[in-house]
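Hello,

Here is the structure I promised to pass on. Please open it first, then read my notes below.

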Amino acid sequence: MKHLSHTLILLPLLLWAGCGDSDTASASGAWVWNLPDTVPPPRVPEDNPMSEAKVELGRFLFYDTKLSGNQTQSCGTCHLQELAFTDGLAQAEGSTGEIHPRSSMSVANAGYAASLTWANPAVVRLEEQALVPMFGEDPVELGMANMEEELLRRLREDAQYPAMFADAFPNQADPINLDSITKSIASFQRALTSFNSKHDRGSSALTLSEQRGKALFFGGTTAAGVPDALECFHCHGGFLLSQAVDHDGSEFNQQTFINNGLYNLDADGSYPEGNQGLFDITNDPADKGKFKPPSLRNIAVTAPYMHDGSIATLEEVVDHYARGGRLIESGPNAGDGFDNPNKSSFLNGFDITEQEKQDLIAFLRTLTDEELLTNPAFSDPFAQ
Amino acid sequence: MKKVKVFLLGLAFAGFGCDSASTGGGGVGTQDVTIRFAAMVGEAEFVCGDTYGGLGADDASLVLSDFRFYVQEVEMKNATGVWVPVELAENKFQTGGVALLDFEDCASMGNEDLNELVTGSLLAGEYDGLRFKMGVPFEMNHVNHSTASSPLNITALFWNWLGGYKFLRIDSGQFSGTDWRMHLGSTGCEGDPMVGGVTSCANGNRVEVEFDAFDASTGTVVADYAALVEGAALDVSESNPEEGDDPGCMAKPADADCAPLFENLGLSFAGSTPGPQQFFSAE
């Protein structure tokens with residue numbers, strides 16, 4: 001019944017979408033979301049309905065080094081399944097060796113992001129976002145800029161792709177094009193849902209320590225007697241464990257960007273230049289240091305943490321929030337993030353016992369979805 | 001030398017196109033028009049890969065490689081002073097009223113094709129003025145780049161992290177971290193996941209150009225790099241003391257390198273009141 005109800009909800013959408021563009025959803029296997037009742041399906045653009053064939057093609061493209069200029073990297077190079085589609089690095093390294101100012105984000109549940117990447121209100125569609133790593137020059141990631149014809153040639157000459165594209169885009173005479181590439185990758189990413197963690201099985205599935213940590217996370221009173229001392233859930237609440245959520249039923253733009261006191265270089269609350277978050281887009285000094293609060297799902301396997309990977313462990317992350325901002329005593333980034341003028345009002349610091357800290361981390365570890373990390377449907381088809 | 005010949009050939013065709021204007025293919029009551037553009041660096045013609053000295057505030061020398069820009073809303077002024085839109089022809093350099101002027105044929109992010117002409121048609125009549133914008137209209141700037149027609153499908157002119165196209169791309173060098181680069185497009189854009197795209201941009205950054213006197217049969221629109229960078233610090237080793245501040249200007253309002261360039265383009269920079277643009281002139 002669970003799956004049937006979702007199919008019925010989705011059916012009008014699929015039928016409607018089928019009337020529009022050439023990519024009919026029913027072409028090669030109608031798509032069925034594998035989601036718990038508590039989670040709505042992601043928003044699916046009208047011009048890119050889901051299908052089994054498209055998701056499978058997207059999986060191949062996601063892991064194929066043909067998508068980088070020098071054929072050394074794929075999307076999967078920086079988004080490894082076993083690390084919940086992150087790379088374990090503080091800052092990502094592009095195909096030409098350029099170091100990205102930011103840390104690779106998890107791609108799991110990317111279909112639910114109100115805005116994509118760390119701090120960009122303009123990028124709201126996965127299809128559009130895929131163009132950034134492919135063709136971006138500042139920094140170079142996959143390094144495909146000015147090589148679009150070469151990319152299409154590589155795919156057309158491949159033994160498998162012509163048939164796969166034809167299957168995924170059955171109404172197109174010449175289906176190997178940039179649009180079908182980004183639509184397929186986006187469909188694969190929308191399929192990367194991750195809601196099968198221990199946390200999703202309810203409090204009764206949790207140990208006492210995990211239950212205590214969950215209570216603290218969602219507003220419980222600490223040993224010091226302070227209710228909602230930790231205030232985690234204000235930014236990391238809801239089914240996604242991120243306030244910056246969008247889905248099929250969203251009626252409001254829920255983009256969210258907050259400053260969590262990592263840096264405070266000057267009176268404006270500056271972060272290191274070139275990595276100032278929302279400010280880099282808006283140029284509003286009040287936006288310095290504001291980044292999207294990412295989903296905390298699978299957080300235990302996505303270290304290091306923060307937009308620049310500058311915190312190595314969950315223990316240190318808790319210490320950071322307990323202090324209410326990071327103190328950097330010397331060097332070019334010296335300053336006390338606690339005093340950052342743009343800091344969120346939820347970051348006031350808190351007293352936490354060692355036991356409470358361990359309980360909180362135990363809860364965070366229940367957010368790991370082991371199925372996501374091992375599901376063959378999400379795995380690298382080129383792996384030996 | 002080869003480059004000069006190509007340029008002169010362009011001139012010849014441009015003149016021919018204008019002479020035969022009144023019987024052109026634009027339809028009844030219309031005439032064809034060809035508007036010639038040229039890329040210069042001060043007094044010298046821009047040639048991809050050439051070295052130019054005496055540039056900017058610090059008398060810098062740069063090897064220039066890329067020089068491309070889009071124009072939109074091309075209009076000509078008739079005898080009664082009314083601005084009449086030019087309907088641009090559809091070809092690989094023009095689509096939907098947008099044209100790409102392409103003066104590079106050696107850039108690592110470029111191609112061998114060149115385009116120095118904007119072609120189209122407008123109501124039959126006498127015209128003595130020209131205006132246009134350097135840019136891509138909002139409604140074309142923020143739609144699916146993957147399905148756009150040429151010249152809006154050139155990935156080196158995609159600017160997806162800011163949600164649009166590079167309206168202007170002028171690079172030095174061959175794509176290394178120390179190259180001085182100028183990329184201009186809309187900034188400060190906001191999107192909405194329910195709309196599925198960009199809904200507004202704080203800074204459109206479209207350069208408005210108007211020549212009260214311009215005869216398409218004899219005139220040329222000159223884009224002058226030296227005028228663009230007048231007053232700007234171009235010496236990369238000096239202008240790049242801080243980590244994260246790339247040499248040149250990627251149109252970021254917080255990048256001080258951009259201030260003189262925006263002024264020369266007649267664009268507001270970080271709240272400044274813009275003056276007239278200096279980049280384009282009519283000859």
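**A buried glycine**

G94(A) has 21 C-beta neighbours inside 10 Å, so G94(A) counts as buried. Keep in mind that this is a predicted model.

Where does G94(A) sit? It is in the loop between α3 (75-78) and α4 (126-129) of chain A. Which residues does G94(A) touch, leaving out those up to four places away in sequence? They are H100(A), P139(A), V140(A), E141(A) and G143(A). L142(A) belongs in this picture too. G94(A) and L142(A) are 48 residues apart in sequence, yet their C-alpha atoms are 6.3 Å apart in space.

**Two domains in chain A**

The domains touch: 29 residues of domain 1 of chain A are in contact with 34 residues of domain 2 of chain A. On the domain 1 side of that contact, 19 residues are nonpolar, 8 are polar and 2 are charged.

**Where the chains meet**

Now the pairing of the chains. Chain A puts 35 residues in contact with 34 residues of chain B. Three elements of chain A give two or more residues each to this side: α5 (131-135), α8 (178-191) and α11 (279-282). By class, the chain A side has 15 nonpolar, 11 polar and 9 charged residues.

Take a look at α8(A). This helix has 14 residues. From first C-alpha to last, α8(A) reaches 20 Å, close to the 20 Å expected at 1.5 Å a residue. Is α8(A) largely enclosed or largely open? It is largely enclosed by the rest of the structure, because 14 of its 14 residues are buried.

For the complex, the predictor gives an ipTM of 0.85 and a pTM of 0.89. Chain A averages a pLDDT of 93, and 92% of its residues score at least 70. In chain A, pLDDT stays under 50 over residues 1-28. The model has 40 contacts beyond four places in sequence for that stretch of chain A.

Chain B has a mean pLDDT of 88, with 86% of its residues at 70 or more. Residues 1-26 of chain B have a pLDDT below 50, and this stretch has 30 contacts beyond near neighbours in sequence. Residues 239-244 of chain B are also below 50, with 13 such contacts.

Best wishes

How values were computed:
Residues are numbered from 1 along each chain as its sequence is written. Chains are lettered from A and ligands numbered from 1 in the order in which they are written. This is a predicted model: local features need pLDDT of at least 70, side-chain atom pairs count only at pLDDT 80 or more; totals for chains, interfaces and linings use all residues. Two residues are in contact if their C-beta atoms, placed from the backbone, lie within 7 Å. Helices (H or I, at least four residues) and strands (E, at least two) are DSSP runs, numbered from the N terminus. Ala, Val, Leu, Ile, Met, Phe, Trp, Tyr, Cys and Pro count as nonpolar, Asp, Glu, Lys and Arg as charged, and the others, Gly among them, as polar. The expected span of a helix is 1.5 Å times one less than its number of residues. A residue is buried if 20 or more other C-beta atoms lie within 10 Å of its own, exposed if 12 or fewer, and partly exposed in between; C-beta atoms are placed from the backbone. pLDDT is the predictor's confidence in each residue, from 0 to 100.
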